Amino acid sequence: MSTLGQFGTPMTEQQYAEHWGKSSTKHVHDGDYAWLLDQLPASTNVLEVGSGSGESTLALVRAGKKVLALELNAHCIEETVRKLSDKGVRVRMLPIDALAPMSLDEVEVIIVQADILDIRIDTHLRQVAVDTIVCWFIGVAPSRAAMLAKKQAEALTQVDLENYRHAVHKRCGDLGRSLLVDGTFIHIADRGGFGNGGTETLARSEALEQYENLLRRPYIVTVRQIAFRPMGLAPTDSKMTYVAPSFVTGVPLVISVLAKKSESDHQPGSPITVTTRAANIPLTDVPKVGRDQKCPCGSGKKYKKCHGQSTNN
Ligand SMILES: C[S@@+](CC[C@H](N)C(=O)[O-])C[C@H]1O[C@@H](n2cnc3c(N)ncnc32)[C@H](O)[C@@H]1O
């Protein structure tokens with residue numbers, strides 16, 4: 001499965017921008033951004049975390065949103081500005097301390113070079129009113145992930161990279177606490193999949209637990225707000241990793257998680273009313289786990305004694 005690439009392949013920022021350019025083009029062709037937009041409730045001003053090569057930003061603009069994009073990588077910013085300008089989108093690059101309440105009035109996209117994990121940016125971000133935070137496919141900034149894991153980039157493991165993505169997702173939640181008003185959303189897209197023997201139900205409940213723990217109050221995430229889409233293989237000419245090696249024999253997925261900020265309605269498991277389709281494309285070809293096999297949740301118990309209990313008779 002060489003097309004899946006390698007975890008932790010250290011890249012320069014320029015190589016990262018180049019390879020993500022290829023991967024994001026594939027996501028466009030596969031319809032992944034269009035599908036993600038379908039999961040997103042009505043919104044006007046979006047804070048986008050990580051613009052990459054600008055394909056996601058372009059998708060948001062085409063859906064009628066204004067975007068304040070934060071991006072760490074100067075090469076990605078260059079590519080985003082170039083791509084958007086070529087398509088006639090009004091885009092402006094601003095230093096973070098130049099953000100002002102009217103910044104999005106004159107343009108469709110503002111792009112700021114900043115690290116989302118740097119809490120010093122918060123006061124500046126509060127200048128611009130946003131009603132959604134979007135964090136699609138954050139992937140990894142190798143140098144930043146190395147800093148977080150206190151390791152050399154070459155030594156990063158699959159777990160370090162996952163921890164990095166989750167640190168960014170958690171940070172989106174923290175930012176939303178001060179930036180978002182009640183009733184608005186954080187939308188996270190990640191890549192994942194089923195390991196050998198996994199099931200859609202199990203993957204859904206794992207994602208639910210994971211994001212409830214990462215985001216916490218006042219966010220509400222329910223199973224209805226978690227959607228899966230089968231994902232195509234990474235383009236062969238991109239070094240970007242798409243899915244963990246454990247999913248190679250399983251089903252790679254795009255995972256969409258919508259979390260509602262809800263101070264008033266914080267009942268775990270209570271349904272959220274949203275205007276999105278939140279459609280789950282039926283997943284076929286999901287490998288089945290045998291009743292006497294170990295449960296894929298990692299408990300060490302047999303499936304029939306663990307998550308497979310409800311199917312036993
Ligand atoms: C895999 S790309 C995805 C880009 C885009 N959201 C998309 O879906 O096409 C992730 C982007 O997030 C950026 N990024 C990663 N960590 C970041 C951080 N801490 N702060 C700002 N940007 C970050 C990377 O530089 C990269 O361009």
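Is F137 buried or exposed? With 23 C-beta neighbours inside 10 Å, F137 counts as buried. The cut-offs are as follows: a residue is buried if 20 or more other C-beta atoms lie within 10 Å of its own, exposed if 12 or fewer, and partly exposed in between, with C-beta atoms placed from the backbone. The model is predicted, so local features need pLDDT of at least 70 and side-chain atom pairs count only at pLDDT 80 or more, while totals for chains, interfaces and linings use all residues. Residues are numbered from 1 along each chain as its sequence is written.

The chain has eight helices and nine strands. These are DSSP runs numbered from the N terminus, with helices (H or I) of at least four residues and strands (E) of at least two. Of the 313 residues in the chain, 41% are buried. Two residues are in contact if their C-beta atoms, placed from the backbone, lie within 7 Å. Among contacts between residues at least 6 apart in sequence, 72% join residues at least 24 apart. The C-alpha atoms of K26 and L233 are separated by 8.9 Å, and these residues are 207 apart along the chain. L233 sits in the loop between β8 (226-230) and β9 (251-261). L233 counts as partly exposed, with 14 C-beta neighbours inside 10 Å.

Two packed helices are described by the angle between their axes and the distance between the axes. Axes are lines fitted to C-alpha atoms, for helices over the stretch in contact, and angles run from 0 to 180 degrees between N-to-C directions. Angles under 35 degrees count as roughly parallel, over 145 as roughly antiparallel, 65 to 115 as roughly perpendicular and the rest as oblique. Helices α6 (residues 142-149) and α7 (residues 158-179) pack at about 95°, with axes 10 Å apart. The two are therefore roughly perpendicular to each other. A145, L148 and A149 of α6 meet D160, L161, N163, Y164 and A167 of α7. This contact of α6 with α7 holds six nonpolar residues, one polar and one charged. Here Ala, Val, Leu, Ile, Met, Phe, Trp, Tyr, Cys and Pro count as nonpolar, Asp, Glu, Lys and Arg as charged, and the others, Gly among them, as polar.

Helix α7 has 22 residues and reaches 31 Å from its first C-alpha to its last. That is close to the 32 Å expected at 1.5 Å a residue, the expected span being 1.5 Å times one less than the number of residues. Buried residues of α7 include Y164, H169, C172 and L179.

The axes of α1 (13-30) and α4 (residues 74-86) come within 7 Å and cross at roughly 40°. That makes α1 oblique to α4. By class, their contact has four nonpolar, three polar and two charged residues.

The ligand has 22 residues around it, and G50, G52, S56, L72 and G139 come nearest. The shell divides into 11 nonpolar, seven polar and four charged residues.

Most residues other than glycine have a negative phi, and most peptide bonds are trans. F137, in the loop between β5 (132-136) and α6, has a positive phi near 50°. K150 has a positive phi of about 55°. K150 is exposed, with 8 other C-beta atoms within 10 Å. The peptide bond from R217 to P218 is cis, with omega near 0°.

How values were computed:
Near = placed C-beta within 6 Å.
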